[in-house]
Amino acid sequence: THGFVLAEEGVKMSKSQGNVVAPQEIIQNYGADILRLWVVGSDYSEDLKIGPDIIKHQTDAYRRLRNTFRYLLGNLHEFDEKESVEFSEMPELEQFILHRLAELDILIRDCCEKFDFHRMFTALHNFCTIELSSFYFDIRKDTLYCDRVDDIQRRAARTVLHELFSCLTAWFAPIICFTAEEAWLNRYPDQNKVDSVHLRQFPGIPSAWMNEALGKKWQKARTLRRVVTGAIEVERAEKRIGSSLEVEVILYASNHFEKALENINLADLCITSSAKFGNGKAPAGAFSLEECREVEVSINQAEGVKCARCWKVSPDVGNNEVYHDICGRCVTAIV
């Protein structure tokens, strides 16, 4: 079958209707990478549609991808592979992200074999926007910005960012050619590495990164986080709180759900100053989501004083005679 490129209303393009979209105009106004994103972002098993609103949608998608690279580059500044942490020594969250890279590697290679670039791009875009920007990057900002430079959790996070940069620049190189090259040369301007991203192969992924049990565990953690985020949004809408770091979260969950999330730092996961599982039944008015009735959330004001450095509310702010306006963790980071 042969498809056609139609205007975004689903009608044929014609000069008389003034709905012709010329590729040269898109390249001139937005750049060639936007046109490439339109190609892979379209379901080309059917007639393709293009127009100003569709191009704006692809421009927004491009901005999100560019922000992903910007976050990686900013937090990998002066990264030395000597600070890398072995996979077995990493926190579970970092191991989960590497597990997701292993899953994506299988999907992407399969898509390339089948020339299914639409499915490949959809998976990569969702990974960058949902799993990285809205989840992993959001959680680890505190670690990257506030922990000691030599703290193992910070080093592990930077190690994962290094692996993410390596994979994403290679995987996106066939799609957003100029942006992938720009990101690569920005990080390696002296060309000690390969002098072009387009001369690289897809990175090999260690088999140890694949851990389906850990993947299922952290999918549960992401579900729990969505419930907490919903509860915090209600409090914020009612003007009872400003930042999520002002609160303590009490979680009421079934025993098997609570047990499934053992060894996870709940405060880090929820981006709150404190978080813990409560005993017994949830109090009246506790928040829950239709998609996860197993978890109910109660929001309280966190106890303590706001740290001037990390903005977490902690009882130990003021305990240090010299640095009286920051918490103990931050004192350790700056002395």
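On a 1 Å grid over the protein atoms alone, a pocket is an open set of points with protein on both sides within 12 Å along at least five of seven lines, and its lining residues have an atom within 4 Å of a point. The model is a predicted one, in which local features need pLDDT of at least 70 and side-chain atom pairs count only at pLDDT 80 or more, while totals for chains, interfaces and linings use all residues. Residues are numbered from 1 along each chain as its sequence is written, and side-chain values use heavy atoms, with hydrogens and water left out.

The largest pocket has 29 lining residues, and those nearest its centre are Asp 138, Lys 141, Arg 225, Ser 244 and Ile 271. Helix H5 (117–146), H8 and helix H10 (266–270) each give two or more residues to this lining, and H5 provides the largest share, 9 residues. (Helices are DSSP runs of H or I with at least four residues, numbered from the N terminus.)

Helix H8 (residues 212–237) also meets helix H4 (residues 92–114), for their axes, which are lines fitted to C-alpha atoms over the stretch in contact, come within 9 Å and cross at roughly 110°. That makes H4 roughly perpendicular to H8, a term that covers angles of 65 to 115 degrees. Where the two helices are in contact (heavy atoms within 4.5 Å), the residues from H4 include Phe 96 and Arg 100, and those from H8 include Trp 218 and Arg 222.

Methods
Axes are lines fitted to C-alpha atoms, for helices over the stretch in contact, and angles run from 0 to 180 degrees between N-to-C directions. Angles under 35 degrees count as roughly parallel, over 145 as roughly antiparallel, 65 to 115 as roughly perpendicular and the rest as oblique. On a 1 Å grid over the protein atoms alone, a cavity is a set of points where a 1.4 Å probe fits but cannot get out, and a pocket is an open set with protein on both sides within 12 Å along at least five of seven lines; lining residues have an atom within 4 Å of a point.
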